[in-house]
Amino acid sequence: MKCLIPVHQESFPKNSIKRADSLCDEVEILYVLDKKIIEKVEDEASYILPTHAIENLEEFVINMHKQEAEKTLSEFKRAHATVSFVVGEFYESVAKAVLKSAPDMIMQDSFMRGLLSVNAPLWVDSGKKIKECCMFISSVKMLARTKKNIEFAEELCRRLNSKLYIYYVPGDEAGLSALRPLGNIVDRPRGELYIMSREHHIKVPRKKAVLIL
Amino acid sequence: MIKKKNLYLLIAILVLVIFYFIPTPAGLTYQGKMMLGVLVFGAILFVTEAIPLGMAGLAVMVAPILLSISTPKEVFALFGNSAVFFLIGAFIIAAGFQKSGLHERIAIRILKRVGDSPKKFILAIMLLAGGLSLIMSEHGVAALLLPIVAYSLMKIPESSNLRKGGMIGLAYGCSIGSIGTLLGCGRNPYTVMYLQQTAGIYISFTQWIMLAMPVVALMLPIGWLWLTHLYPPEKNTKIPVLSVPEKKLSASEKKVAIILIFTVLALIFIRNWGVAVVVLLGALAMFVGGVIDWKDVERTLPWGIILLYGGAITLGAGLYKTGASDWLASNIIKFTGTNPYVLLFLLIAITILITEFMSNTAAVALMLPIGAGLASVVSGLNVVVTSVAIALAGGFAFMFVIGTPGNLITYSTGFYSSKDLLKTGAVLDVIGMVVIFLIAVTLWPLMGVW
């Protein structure tokens, strides 16, 4: 199992790094230094600091972040981890990395809406022990793909040593009968986690690990 | 599609057009009305940064000429003001200080002396940043100290509170220290010049220190206590400090130290020459002493800020000369009442709030004429009090990353998030308002101000 952990300076995904080390075989750390921040420093400081001072500052900040990126590798004891450092737009860089290395999932500690548009499952981890996994299915129109996702979720649960429950949101009999052979089907959502609409507006409960497929 | 920045520029120009066509209100001349238009025009440019701030300064300088408020001779004479030359001199002295590496020696010495006490380490960073910001531009200090402070903090685990506290402490130390003397930032000499030009009151280097240092002396420990309360640093953290081979003071460092000491002494004791002449002499000594050459000056002078001050001076003088600031003030008190204490607190609070969203200089430039106007129409409110209080409040942008370049520079290291700064700064902004207000109403009267 291969995962991608994007790192942005606003949130360091320490839970994801810890979990990925025990869960995944391969981990790719994508450390993104947001180009917007560098540009903002340049914009704001340009009228107050001389050009060479801004250049020195930029160079220092980039080198410092590179070293910080390298440091994350020392967190991995079991999984094979690699790190790549990018100065660019965060979501764009993640999308490019997904295209390039095709990870099984992206892992993060906090919910970033922009990552939903990236074509890979997104895991939002609170760092707590996971006893049961709940998978929400809003439609069975693409059954083959859904089946593949269920297999992936099952593999995850096996590695986590937890139970998988599949929640079928529409609750129609045809969908249920198609899904029933694939696992433990529950025909309506429960608890705090719910799917608000077909556009995948998902309210992520605090202090819960959520895998969005 | 029109770019956002172009749209803001269009809106700013449209404001001028609207002001041109609206009827002149009673008690205001055409020039006064149009100068208020320039005030709004400048505010839009300063907040949105539709064009670089230096260019916005130039636009504010040119607008009164185009609108027949002032003649070119009057406007460009303002640019030759002593505050502008003071700034040029101060930047040249700072360039010499920076080139000599004296700042590095001082910083490393102080940080090494702290030992392994994380709380003291944060205090040392704040005192160091605050101390250096008394003699050179706060933003320059943030950029100069960043590598030294970041070196120590980088070796500490990511999750450590010491990282957050140390880096936010650097930003806050620079902001707080900058208000202490006329050398810390351009806002202070600009305020002195504004007072001299509009009220004929001269505040010397020493008088400024006496008015501002109590605020610095209170805000630095309060800031430290608040930071270490919010982010209590882990005990027994080993703090590595950048080590450089121990060398004797170089000839260049000695020269810079001597020039700095003499410049500060001259600023304190020689009053006849005026602060700009003293600082320019200090800058000249940097050349004569061979500390810097012309190329250093070319590389070091931030023309953007100098042009911005040119615009600010034009704005302030124009509002005063046309009577627009008095007219604005008499309309403001219709809503706020005439209690001088309430008005003073409002001026401080509004300055701190707007400086979070726009350049500190621009915030002070916009608020000074309003403060001076209020002082002239409200009995019990002194123009020195309103002006100095606004200048000090203009330095307190603690809350947002974009509040001041010092915040942004330290934020770029990734040691703290924007939420961390918001959490710390929101409270410190309020504390800053209260501290400036209390010092102004209790201590300044004892010094003969009010």
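The second largest cavity of this predicted model holds about 40 Å³ of space. A cavity is a set of points on a 1 Å grid over the protein atoms alone where a 1.4 Å probe fits but cannot get out, and its lining residues have an atom within 4 Å of a point. A volume is the space filled by probe spheres set on the points, which are joined across faces, edges and corners. Among the residues lining the second largest cavity are B:Y202, B:F205, B:L267 and B:R271.

The structure holds two cavities of 30 Å³ or more. The largest is lined by 24 residues, and A:I48, B:F91, B:S137, B:C185 and B:G186 lie nearest its centre. Helix α5(B) gives the most to this lining, with five residues; helices are DSSP runs (H or I, at least four residues), numbered from the N terminus.

Residues are numbered from 1 along each chain as its sequence is written, and chains are lettered from A and ligands numbered from 1 in the order in which they are written. Local features need pLDDT of at least 70, side-chain atom pairs count only at pLDDT 80 or more, totals for chains, interfaces and linings use all residues, and side-chain values use heavy atoms, with hydrogens and water left out.

Key. On a 1 Å grid over the protein atoms alone, a cavity is a set of points where a 1.4 Å probe fits but cannot get out, and a pocket is an open set with protein on both sides within 12 Å along at least five of seven lines; lining residues have an atom within 4 Å of a point. Helices (H or I, at least four residues) and strands (E, at least two) are DSSP runs, numbered from the N terminus.
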